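Student: Can you walk me through this one? I'm new to it.

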Amino acid sequence: MSGDGTQEDPWARLARLTPARIGLGRAGSGLPTREVLRFGLAHAQARDAVHTPLDGDAVTAEIAALGFETLAVASAAPDRATYLRRPDLGRALSEASRAALGARSNTSVDLALVVADGLSARAVHEGAAGFLAAFRPHIARAGWRLAPVVVATQGRVALGDGIGAALKARAAVVIIGERPGLSSPDSLGLYLTFEPRVGRSDAERNCISNVRPAGLSHDIAAFKLDWLLTQAFALGLSGVNLKDGSGPALEAAPSPVMIENGTQG
Amino acid sequence: MAYRHVVGPRTHVFADLPALMAKATPVRSGDRLAGIAAESAEEAMAARWCLAEVPLSEILARPLIPYEDDDVTRLILDTHDAGAFAEIAHLTVGDFREFLLTASPETLTRIAPGITPEIAAAVSKIMRNQDLILVARKCRVVTRFRNTIGLPGRLAVRLQPNHPTDDAAGITASILDGLSYGCGDAVIGLNPASDSVSTLSGLLHLFDDLIRRLEIPTQGCILTHVTTTLEAMNRGLPVDLVFQSIAGTQGANASFGVTLPILKEAHEAALALKRGTVGDNCMYFETGQGSALSAGQHHGIDQQTLEARAYAVARPFRPLLVNTVVGFIGPEYLYDGKEIIRAGLEDHFCGKLMGVPLGCDVCYTNHAEADQNDMDTLLTLLGAAGCNFIMGVPGADDVMLNYQSTSFHDSLYLREVLGLKRAPEFEAWLAQIGLTDAAGALLPDGPSARLIAAAPGLSDRGLAA
């Protein structure tokens, strides 16, 4: 019973306990019209997140405005349709980008940051610069030497291996648009690989997932990445043998709901 | 040995049986990714003509992956029922298709132990969608734990109450919602976000309490790794069904961290608990085309044939449920609605032909060229094909795994259109608690207050009405 004495639908109260689509009601065996349309809109937004091209110039400009040096590269997947069918091409640099990275006189650094569209350019447009702004103080405090921030189009996580190796980085972090869920078209994933080189497996990476306004905040994600990177440098490894133990250090801070998302390769 | 087929002035040559099988497969992106798909539409048809003329006995005699190299091949050949095979041993793949179209349900049951996954896959490649539906509909694979699944004219639903943080109240809310639509007879099955044994313990008790308090004739399952479930059983936790994802090669199973001896150990542990009331089918497996390629363990074999081999892994364990999660893996394996629909029908057909209780997670991800209309089509076709069970996900949106499946409403749609009933014990329970009428239709004023009041853990949140 609510305060004014009217009976609230018990399903409405249950629906507050979960983000799942419960208590929808029905029209015969079907969904009410509003629910059919709500679902259709959410799917449309997720589809748009997958198929909207990355605006590399705008993202690069935003990152440069934060004071980072930047570099633009492309994967070997020439377009979205190829990218979706050929994950192997999204993991490799285009010939031109490989040559361009190889032609630089790279001196060894601690960290290469790679921003890639992945499966949601929208997540990168809305979140990549914001995350880097939150992470910048951690870099400064740790004193990590940084390669130019690479902005990659049609990229998958493993693209960071070749980039990190070319830039002579001890560790690479790929900041990438995750596979959009129906209610999360704007989620970034952060993938850390110690000693990146072509051929690293996913078991050799650590992932911080669901970085988005309704999920893990930029500040918390930056804190966790700092913790993982510090551990990776100390232990000389990343992946399944590096467990995320940043929780206790975070306990003092006000913590938002942290949820794990599907990873993507 | 090379295979040849002449089309007019051209002779198509296929290096060996794996190449012939791959090129005869209706085109899909995963086989292209593996570099084994037919390179032209004519080559695909030439391969199908050629495959139609291959004797079944030749397929049996030429393992696609050598016996010495792979324990799934050894399992298939060591457990092959030569007596059951004798009835079809003289047939070619093309003859076998016609045999299946005319066979009675009794004949199909009799020959099932003689059908290897490679034989099932081969004949499926020359069958149209309507053939796959017609023959699968005649295959009867009935299993039992606390109810009876797979009877003709019936369809069960897995109630899938996933929650992004495994919150007990949130999961319970989704379960109650699903029950109110008459879903949950296949299993109440949760994919947990966490794989810790302590989380598992809480969830297993939650499911056990709920099923007992409401006296639901169904089973619960937390879909976690088989080794974690074994640990749970060793600690005395209430495990109804043992879950595991499986694939069609030893290497792919190893990538899942699973071996045949581990499955056997878990099966024996679950049997010893004797928690079933009307039967002892206590395993739940999930599969999906592309998993072996994804693990780099496909041996140059096409993904549809490897999927059928996963059913051979399942078969000796007499599972309650085997679920092909058909569109979950993504567009690099099944690109669009057309490929997902075809794969769903193939998987269901191959499993049923082999005597395995196939259900289907009719599903897709947001980067596949598919939408809910494609799922409606596959759902309807699988309903016509006599699929044992489907998923019931709230609003078809899985908020933990981030993909779209079928909803509680979708099951109502399928029941109304095709006249499909629930598992008989579950159907009787729904009528008894006043949720449905005698015909199984939902009553307008269902017992939602009673369901909520009986659910553990909700009353302290002021939710018991």
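Tutor: Here is a quick tour, from the chains down to single residues.

Student: Okay, what ground rules do I need?

Tutor: This is a predicted model: local features need pLDDT of at least 70, side-chain atom pairs count only at pLDDT 80 or more, and totals for chains, interfaces and linings use all residues. Residues are numbered from 1 along each chain as its sequence is written, while chains are lettered from A and ligands numbered from 1 in the order in which they are written.

Student: How many helices and strands are in chain A?

Tutor: Chain A has ten helices and six strands. Both are DSSP runs numbered from the N terminus: helices are H or I with at least four residues, strands are E with at least two.

Student: And what box do its C-alpha atoms fill?

Tutor: Roughly 75 × 45 × 35 Å for chain A, along the principal axes.

Student: What share of chain A is buried?

Tutor: Buried residues are 47% of its 265 residues. A residue is buried if 20 or more other C-beta atoms lie within 10 Å of its own, exposed if 12 or fewer, and partly exposed in between, with C-beta atoms placed from the backbone.

Student: What about contacts in chain A between residues at least 6 apart in sequence?

Tutor: Of those, 72% join residues at least 24 apart. Contact means that two C-beta atoms, placed from the backbone, lie within 7 Å.

Student: Now the interface. How many residues of chain A are in contact with chain B?

Tutor: 38 residues of chain A, and they meet 35 residues of chain B. On the chain A side, the elements giving two or more residues are α1 (10-15), α2 (33-51) and α4 (80-85).

Student: Which of them gives the most?

Tutor: α2(A), with six residues. By type, the chain A side divides into 19 nonpolar, ten polar and nine charged. Here Ala, Val, Leu, Ile, Met, Phe, Trp, Tyr, Cys and Pro count as nonpolar, Asp, Glu, Lys and Arg as charged, and the others, Gly among them, as polar.

Student: Switching topic: which residues have the most contacts inside the largest nonpolar core?

Tutor: B:V242 and B:Y284, in a core of 155 residues. A nonpolar core is a set of buried Ala, Val, Leu, Ile, Met, Phe, Trp, Tyr and Cys residues joined through C-beta atoms within 7 Å.

Student: What does B:Y284 touch?

Tutor: Leaving out residues up to four places away in sequence, B:Y284 touches B:V187, B:C221, B:L241, B:V242, B:F243, B:P319, B:L320 and B:L321. Another core lies apart from the largest one. That other core has 66 residues, including A:V50 and A:I163.

Student: Where is A:Q154?

Tutor: In the loop between β3 (149-153) and α8 (159-166) of chain A. A:Q154 is not a glycine, yet its phi is positive, about 50°.

Student: Why does A:Q154 count as buried?

Tutor: Because 24 other C-beta atoms lie within 10 Å of A:Q154.

Student: What is A:G90 in contact with?

Tutor: A:Q154 is one of its contacts, and others include A:S75, A:Y83 and A:L159, setting aside neighbours within four places in sequence. A:G90 is in helix α5 (87-90) of chain A. A:G90 is buried too, because 27 other C-beta atoms lie within 10 Å.

Student: How far does helix α9 of chain A reach?

Tutor: α9(A), residues 218-235, has 18 residues and spans 25 Å from its first C-alpha to its last, close to the expected 26 Å. The expected span is 1.5 Å times one less than the number of residues.

Student: Which of its residues are buried?

Tutor: Among the buried residues of α9(A) are A:H218, A:K224, A:L228 and A:A232. Their cover includes α7 (121-142), β4 (169-177) and α10 (247-250) of chain A.

Student: What comes just after α9(A)?

Tutor: A:G236, with a positive phi of about 75°. In the loop between α9 and α10 sits A:K243.

Student: Is A:K243 buried or exposed?

Tutor: Exposed, because A:K243 has 9 other C-beta atoms within 10 Å. A:K243 and A:Q231 are twelve residues apart in sequence, and 9.4 Å apart from C-alpha to C-alpha.
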